[in-house]
Amino acid sequence: DQAGITSVFLDPHYGGFIEGPKNMAIALTAFELSWVDGGAATCSLATNLALSPISAKGTPEQKEAYFTRCCPKPGEKTWRGAFALTEPIPYVGVDTGVLGGKIRIAEWKDGEEPIVHVEKRGRFITNMPFANFVTAAVESDDPRINGSCMIIVEDTDPGTFDAGALTLKMVHQLSATSDPILNLKVPANRIVGGYTVKDGVIVPNFTHSEIIEAVFTR
C-alpha cells in the first residue's frame, strides 16, 4: 500500500497516479511481486478484478464509493475486494457458465429502494479471508427481477458473509483463497450498472455476461 502498488489500478481522480490505460503497469507490478511472493501478486490483482465490473459498467456513485475506499490513505481502513463468478462443485471446471448464485426481492416498499436477497456460493475465490466486499454474479430467482446481473455485497450487510473453507491447492500457496458462502440482504442500488423498473419488474441495465465480457475483453 505504501509503495502505491495497490493504487495502480485507480484513476488519479480516485487516488491513483496513472492516467489512461494501466494494463502494462499492473502486469509489471504483478511480475515484480511474483519474484518474491506469488501470493502477494495474486492478492494485489484480486482486488483489481473485484473492482473491474464496477470500472467497466458501474454507476458513477458505485465507482466513487468503492474506488475511493480501496485507495490506501494514512489512518484509514483500506478495503479489499473479491470477485465471485465461479461456482461450487460439480460445476467448477465443467459448467462455470452456469450460475448458482440467486437474487430475489426481500422487501419492496412503495417509494423506497428495493431490498434484495443475494445467495451465492463461490469456489476458489481469492481474497475472501480478508475481503470487505464482493462483486458476485447472480441470476434471478424471482419474477420481479429480470435475468441476471452482478451485485456488490459487503461484509457488514445483514446476513452471512462467510469466507468459507480455505482451498487446499498445489499452487499459489500464499494467496488467500477459499470457498465463500454469501447469504445477504442489500439495497438494489448495489446492482452493478444500476437498473430500471418496468411494469413492476427490476430490469438490470447489464446482464452478468455483458459485464464479464467487458471485464475480460479489457
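Modeller: Helix α2 bends by about 35° at Leu51, and a proline, Pro53, follows within four residues. The structure is a predicted model. The 20 residues of α2 (residues 38-57) should span 28 Å at 1.5 Å a residue, and the end C-alpha atoms are 29 Å apart, which agrees.

Now the rings. The structure holds seven aromatic pairs. One of them joins Phe31 and Trp35: the planes stand at 85° with the centres 5.8 Å apart, so this pair is edge-to-face. Phe31 is partly exposed because its relative accessibility is 47%, while Trp35, at 64%, counts as exposed.

Tyr66 and Trp79 also form an edge-to-face pair, with 6.3 Å from centre to centre and 65° between the planes. Tyr66 belongs to helix α3 (residues 60-69) and Trp79 to the loop between α3 and β1 (81-84), so the contact ties together parts that are 13 residues apart in sequence. Tyr66 has a relative accessible area of 4% and is therefore buried, the cut-off being under 20%. Trp79 is buried as well, at 15% relative accessibility.

The ring of Tyr66 has a further neighbour: the charged end of Arg69 sits over it, 5.0 Å from the ring centre. Finally, Phe9, Tyr14 and Phe67 form one aromatic cluster.

Technical notes:
Residues numbered from 1 in each chain as written. Predicted model: local features only at pLDDT ≥ 70, side-chain atom pairs only at ≥ 80, totals over all residues. Heavy atoms only, no water. Helix = DSSP H or I, 4+ residues; strand = E, 2+ residues; numbered from the N terminus. Expected span 1.5 Å × (residues − 1). Bend = angle between axes of the 7 residues up to and from the residue. Phe/Tyr/Trp six-rings, centres within 6.5 Å; stacked < 30°, edge-to-face > 60°. Buried < 20%, exposed > 50% of the residue type's maximum accessible area, 1.4 Å probe, protein only. Lys NZ or Arg CZ within 6 Å of the ring centre and 35° of its normal.
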